[in-house]
Amino acid sequence: MRDENCIFCKIIAGEIPSKTIYEDEDFKVILDANPASKGHALILPKEHFANIYEISEEMLSKAARLAKRLAEHMTKVLECDGLNLLQNNGEVAGQTVFHFHMHLIPRYEGMKNKDLLNWTHEDFTEEEQEEICQKLRNC
């Protein structure tokens with residue numbers, strides 16, 4: 001199922017360009033357009049679920065297994081010192097796009113965004129984003 005007004009559904013359908021680092025029949029994983037750190041990625045189920053309350057347990061389980069796999073890969077490839085896995089549900093919890101998604105946020109010693117709930121976005125050039133994307137594609 002797809003929501004015609006959902007930006008993530010449009011990204012999944014290829015109507016809006018993205019930096020895809022992984023894709024299978026159930027998920028598309030992209031670099032976040034407003035990253036909190038180098039390699040900040042989003043796991044997007046291809047089927048539209050507004051939040052954790054709507055996603056099936058089977059699909060949530062698949063998302064968690066994919067998150068673990070990506071976390072291990074990102075830590076190795078990007079040489080990050082840690083990683084946050086973040087998933088918001090509802091506006092009051094910080095959810096701004098109402099399509100279930102998981103943030104994978106690599107963490108680095110000395111990085112500026114120590115408080116994840118109040119991060120400021122970092123800027124990367126198109127070339128830097130492409131390089132990061134290329135590094136992360138072979139998960």
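User: Which residues of α3 are buried?
Analyst: This is a predicted model, so read everything as such. In α3, the buried residues are Gln129, Ile132, Cys133 and Leu136.

User: How are they placed around the axis of α3?
Analyst: They span an arc of only 100° around the axis, so they sit on the same side of α3. An α-helix has 3.6 residues a turn, so residues three or four places apart point the same way.

User: What do the buried residues of α3 pack against?
Analyst: Against β1, β2 and α2.

User: OK, zoom out. Which residues touch the most other members of the largest nonpolar core?
Analyst: That core has 26 residues. Ile21, Val29, Ile43, Leu66, Leu70, Met74 and Leu136 touch the most other members.

User: Which elements give two or more residues to this core?
Analyst: The strands are β1 (20–23), β2 (27–31), β3 (41–45) and β5 (102–107). The helices are α2 and α3 (126–136).

User: And where does the largest share come from?
Analyst: From α2, which supplies eight residues.

User: Take Leu66. What is Leu66 in contact with, neighbours within four places in sequence aside?
Analyst: Tyr22, Phe27, Val29 and Ile43.

User: What is in the second, separate core?
Analyst: The second core has nine residues. Among them are Phe8, Cys9, Ile12 and Ile30.

User: Is His103 buried or exposed?
Analyst: Buried. Its relative accessible area is 8%, and the cut-off for buried is under 20%.

User: Which side chains does the His103 side chain make polar contacts with?
Analyst: There is one with the side chain of His40, at 2.8 Å. Another, at 3.5 Å, joins the side chains of His103 and His101.

User: What else is His103 in contact with, leaving aside neighbours within four places in sequence?
Analyst: Besides His40, the list has Asp32, Ala41, Leu42, Asn84, Leu85 and Leu86.

User: Now the backbone. What is the phi of Glu79?
Analyst: Positive, about 55°, although Glu79 is not a glycine.

User: Why flag that?
Analyst: Most residues other than glycine have a negative phi.

User: Where does Glu79 lie?
Analyst: In the loop between α2 (57–78) and β4 (82–86).

User: Is Glu79 buried or exposed?
Analyst: Exposed. Its relative accessibility is 63%, and exposed means over 50%.

Methods:
Residues are numbered from 1 along each chain as its sequence is written. This is a predicted model: local features need pLDDT of at least 70, side-chain atom pairs count only at pLDDT 80 or more; totals for chains, interfaces and linings use all residues. Side-chain values use heavy atoms; hydrogens and water are left out. Helices (H or I, at least four residues) and strands (E, at least two) are DSSP runs, numbered from the N terminus. Buried means under 20% relative accessible area, exposed over 50%, partly exposed in between (1.4 Å probe, protein chains only). A nonpolar core is a set of buried Ala, Val, Leu, Ile, Met, Phe, Trp, Tyr and Cys residues joined through side-chain atoms within 4.5 Å. Contact means heavy atoms within 4.5 Å. The arc is that of the directions from the helix axis to the C-beta atoms. A polar contact is a pair of N or O atoms within 3.5 Å; within protein, one must be able to donate a hydrogen and the other to accept it, and residues adjacent in sequence count only if both atoms are side-chain atoms.
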